[in-house]
Amino acid sequence: MRAARLSAWRAPLELVAAPDPAPPAGGVVLRVLACGICRSDWHVWTGADPDVALPHIPGHEFCGEVVATGAGVTRWRAGDRVIAPFILACGACPDCAAGHQTTCAHQVLPGFTAPGAFAEYVAVDHADANLAALPGGVAPDLAAALGCRVTTAWQALTGRAALAPGEWLAVIGGGGVGIAALLLARALGARVVVVDVVQEKLDFAQRLGADAVVDAGRRDAPEAVQEITSGGAHVALEALGTAETTATALKSLRKLGRMVQVGMPAGDHATMTLPWDVVYSGQLAIYGTRGMPAWRYPPLLDLIADGRVDLSPLVTRRVALSEVTGELAAFDRPAPPGVAVVTDFTA
């Protein structure tokens, strides 16, 4: 199969002929229909993710068509269009039995701990526990954009912070996951203020329905959010994983507010100094979140397929496999708004 392989940190991905994957017992092989390019892939590319060993095929936001099934698979057959979470759980441990597949101790992560989907084919372990059917009304490029950003935002807002209609959400970081959170929160009946330092991203957020935007490069962001929301946001979603933006999220909350850490703290930001006096005095709640279990996909997919939320503006660039390196390098600076998705695996 044709694949984009990383052989050295920050080096251009090599287009190679790699062995086709075989379906593991209980798993399947998918022909990749589309694969998103995410800031987490940038962490892989830069060497900031300690789970990655070289050489390696990245790519974790994918959807595909089943082309082969392993022994024991009962729910899927060749030709099924499916989407997978980036955390593949074992489906059998106590955490999985309790519905907490994202904390499974035996998890496999394509693109991180296993070969990923910057390739024509990808293997998916424990397919009966991890795959969700892709509705016919959801295009592959949009489905791929769901794989990390949208599902993570949905889990953060509904599975962790319990965002309610009429509440204020402060989105700190107007990238893919931040814009996904904006669109989903609006569909849930919340009001949204988006904070970023890139005017192009703030303009994009406003066009997509943000109630307010704040340029953190020109004014004190927490003070601005407090003013806009008349006392602070009920929920803040941190979407970058840096100490500065996490502190901004905490300081933007009202008393008894909830903050969700969505951005992945890696490298120099793995350990942060934060304003714990704000947490203490405001009696704030802090949630971590990482991915979303497969059993929670159907309500989100139904929301999209029924037209109750339009996530199509997320996908702003459809690229070839040969263009992945350029998209990864773009994360070194403020990237353009929207999401890039690999839709051509032949060029």
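Residues are numbered from 1 along each chain as its sequence is written, and side-chain values use heavy atoms, with hydrogens and water left out. In this predicted model, local features need pLDDT of at least 70 and side-chain atom pairs count only at pLDDT 80 or more, while totals for chains, interfaces and linings use all residues.

**Exercise 1. Describe the overall form of the chain.**

Step 1. The secondary structure consists of 11 helices and 15 strands, where helices (H or I, at least four residues) and strands (E, at least two) are DSSP runs numbered from the N terminus.

Step 2. The radius of gyration is 19 Å, close to the 20 Å given by the globule rule for 347 residues, so the chain is as compact as a globular protein of that length. This radius is taken over C-alpha atoms, and the rule is 2.2 Å times the number of residues to the power 0.38.

Step 3. Along the principal axes, the C-alpha atoms fill a box of roughly 55 × 40 × 35 Å.

Step 4. Of the 347 residues, 56% count as buried, that is, under 20% relative accessible area (1.4 Å probe, protein chains only).

Key. Buried means under 20% relative accessible area, exposed over 50%, partly exposed in between (1.4 Å probe, protein chains only).
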